[in-house]
Amino acid sequence: MKKDKPDQIPNHVTDIILESVSDGVFTVDHEWRITSFNHAAEEITGVPRDKALGKYCWSVFRSNMCEIDCALRRTMKEGKRFVDTAAYIVDSKKRRIPVVVSTSLLKDESGIVLGGVETFRDMSLVDELRRELDARYQVGDMVSRSPSMHRIFTILPQVAQSDSTVLIQGETGTGKELLSRAIHELSPRRGKPFIAINCGAFPDTLLESELFGYKAGAFTNATKDKPGRFAAAEGGTILLDEIGDLSAAFQVRLLRVLQERTFQPLGGTKSVKANVRVIASANKNLAGMVKKGTFRQDLFYRINVVRLDLPPLRERKEDVPMLVEHFIARLNRLRGRSVTGISQKALALLLSHDYPGNIRELENSIEHAFVLCPDGEIEPHCLPDNLRALVSRPTTNAKIDTALQSVEAQVILDALKRNKFNRLEAARDLGIHKSTLFRKIKMLGIDLPKIDGRTKRKRVH
Amino acid sequence: MKVALTVWENRISPLFDCARTLLIVDITDQTATNRYFEPFHCESPSSRAAKLSDLKVQVLVCGAVSDLFANMIEAHGIRIIPFVAGAVDEVIDAYLTGTISSSKFQMPGCGTARDNGYRKKN
Ligand SMILES: Nc1ncnc2c1ncn2[C@@H]1O[C@H](COP(=O)(O)OP(=O)(O)O)[C@@H](O)[C@H]1O
Ligand SMILES: [Mg+2]
């Protein structure tokens, strides 16, 4: 406010302005009693103005700052403004609402302090957007913070747009199907069908009618036409899962379909055009099968246009904490539960396992834990037996600690190596603070080479 | 029977989630026979619930509380009287005389039925 004031804005105009802004605004007197409360403040807190006026601000605002570090209190004490402090409030429905808060002194024309002003903004939407925008770690339903997966995430939008055939290789449970769905969802074909078929699950004759359908009369029980999966996927994407399991004869048939982009239903006379994007997946190394002569080279070339290799979970253990968090959040949502997280010991057990079943196995372990741990944190005793082998063996506590620590040391060392011993990057990679990393390096006695990567390495983004 | 109150200075703490002091009150025949403070520094919902349970608390009187904490505590069989405001002594008296749910001790906009909170216009 200027000292040599021009015409003053009449009071009722300031009221109108206050009522129309989207930020919550309230003022308090020296006793912390609310003296004004605007419309947005009612909306955000859910407290009607007539109930708020005259009440202590903390009984209306109920934020995590009130008791410990009240911004308004600091402003009143130090006479300073505070801008954009992040906090949360809890409304009458027990919901936490993230807010940012700014505070300043409320003075009259002669400069006498009447109390304080607090403005606050509802950040729920922003928080949600931010979570969605964190695409560095999430594509579709897939989460990962490992560099090998990030290479895939980075090129995925282009791969999806290109409409070319994609070959996805990876052990069972590494997310091949999830990745194909993500490709479909990022492609112009999104909104059209996505059809998956497991080629290894059918004998040739059945697979043929499953894929291409049949005409009435094609065989004894075929009383009417039945469209196959290719027809069902028209305009969309088909995933030929476990393509390495195809018989030699069927490989020839499929090759022709992929070359000509047409197929013939069983018992039909006309070929049908197929506008379908093909994604193939294999849990075996197809190139190796080609060398051994069990997979046709020409078919391999036809599907190996773009190849994505999903690394097994044991080669990206740094993903375990994030995946655990992801599965807990999802199961909480699905089952209306409130499991809060996982204890350090339980997480260490999960980190020390090798996961032959990869992410599916980890997911199943968390589901198992949800059955045994009704709420609170997931503890070691909630995990499946095979994971707990480490604890149930008659070892002393000291031994368990050592085992856990050596796993931890390994995970840290891997992260350091991946990041060329740049500690800051390694800490970021692990999702921990750098001082935590320093402390752990010291505590676990991890030997570091003299270089620290900070000076040499350039960030690539 | 033991009743716990989350307290701040001489009032009920505004928000249970980050309250730092518990006042435990032993009650026999509707009179408070003993009271003492307990530090309440644990932070996660599970550890807060476990602490209350370890202290053999049967009823919790607190200010605002978010559902994650409330659910966890109720799962331990502890009854919660939430959204209470006021001076500690008055609140204890009100509890003993069965008048704690009167609007005098309710946080604004948190009452039940008639005294409902503000409704958002959509
Ligand atoms: N990166 C990931 N993030 C989250 N969930 C994943 C991820 N990868 C796999 N999953 C989950 O693991 C399970 C197995 O994945 P799936 O795609 O069926 O594997 P595959 O087809 O390779 O056997 C699914 O439930 C899937 O949701
Ligand atoms: Mg699969």
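A: W58(A) is buried, with a relative accessible area of 10%, where buried means under 20%, exposed over 50% and partly exposed in between, for a 1.4 Å probe and protein chains only. This is a predicted model, in which local features need pLDDT of at least 70 and side-chain atom pairs count only at pLDDT 80 or more, while totals for chains, interfaces and linings use all residues. Residues are numbered from 1 along each chain as its sequence is written, chains are lettered from A and ligands numbered from 1 in the order in which they are written, and side-chain values use heavy atoms, leaving out hydrogens and water.

Over all chains, a search of the whole structure gives 14 aromatic pairs; rings of Phe, Tyr and Trp (its six-membered ring) pair if their centres lie within 6.5 Å, and planes under 30 degrees apart count as stacked, over 60 as edge-to-face and the rest as tilted. Y56(A) and W58(A) make a stacked pair, at 4.6 Å centre to centre and with 5° between the planes. In chain B, the ring centres of F16(B) and F69(B) are 6.0 Å apart with the planes at 75°, so this pair is edge-to-face. Although 53 residues separate them, the pair links the loop between β2 (11-12) and β3 (21-28), which holds F16(B), to helix α2 (residues 67-75), which holds F69(B); helices (H or I, at least four residues) and strands (E, at least two) are DSSP runs, numbered from the N terminus. Both F16(B) and F69(B) are buried. One aromatic cluster is formed by F26(A), F37(A), F61(A) and F120(A).
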